[in-house]
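Work through the following exercises on charged side-chain pairs, using the sequence and the coordinates shown here.

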Amino acid sequence: MRTKPTKDELAAAYGKTIPDVIAPDLEVLFCGINPGLYSGALGLHFARPGNRFWPALYRGGFTPRLFDPSEQDELLGLGLGITNVVARTTARADELSPDEFREGGRLLTARVAEYRPRWLAVVGITAFRTAFGRPKAKIGPQDGELGGARVWVLPNPSGLNAHWTPAALGDEFGRFRAEAHSE
């Protein structure tokens, strides 16, 4: 299980990257905005205790139980993976420039083309809009494909996105799961 990083470990995590949890031909590749310092310090995706990604995955029916971030590699056995639009860690997503998002979108499209997931699920509407030049995009399924994958945008599961309650996040993840599994 994870341990809480120290203040020095958090400071040292700035600008680090976390390896993707990825394999060819996944059902869904979940894509965060970028890792926070807590995640960078631990080397785990969505690791901050207040982040609601793992509960939303469970509530949405993607995992059979609530996973701890330290179990992230078990997602591969379920046909799921994790990556980010921008790889480098920051204290806040607003530290990223529009150019970084656009470059991240280009790199993400290439990664998706290489690994061929059926679905790309971006968790964060603002990041999606900026990275892919789609200012009017809304939560839910998107027109067209990226790198050969269908695309669904989910709400950002950060605790800072408080207008999406844990139940509403779980419902939206479940709505996506129902669509992804209906084909």
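**Salt bridges: exercises with solutions**

A search of the whole structure finds 11 salt bridges, a salt bridge being a side-chain nitrogen of Lys or Arg within 4 Å of a carboxyl oxygen of Asp or Glu. The model is predicted, so local features need pLDDT of at least 70 and side-chain atom pairs count only at pLDDT 80 or more, while totals for chains, interfaces and linings use all residues. Residues are numbered from 1 along each chain as its sequence is written, and side-chain values use heavy atoms, with hydrogens and water left out.

**Exercise 1.** Determine which parts the pair Arg111 and Asp20 ties together.

*Solution.* The side chains of Arg111 and Asp20 meet in a salt bridge at 3.5 Å, N to O. Arg111 lies in helix α4 (residues 98–115) and Asp20 in the loop between α1 (7–12) and β1 (28–32), so the pair ties together parts 91 residues apart in sequence; helices (H or I, at least four residues) and strands (E, at least two) are DSSP runs, numbered from the N terminus. Arg111, at 18% relative accessibility, counts as buried, whereas Asp20, at 30%, counts as partly exposed (buried means under 20% relative accessible area, exposed over 50%, partly exposed in between, with a 1.4 Å probe and protein chains only).

**Exercise 2.** Locate Arg175 and Glu172, and classify each as buried, partly exposed or exposed.

*Solution.* The closest N and O atoms of this salt bridge between Arg175 and Glu172 are 2.9 Å apart. Both residues lie in helix α6 (residues 166–180), three residues apart, about one turn of the helix. Arg175 is partly exposed at 41% relative accessibility, whereas Glu172 is buried at 9%.
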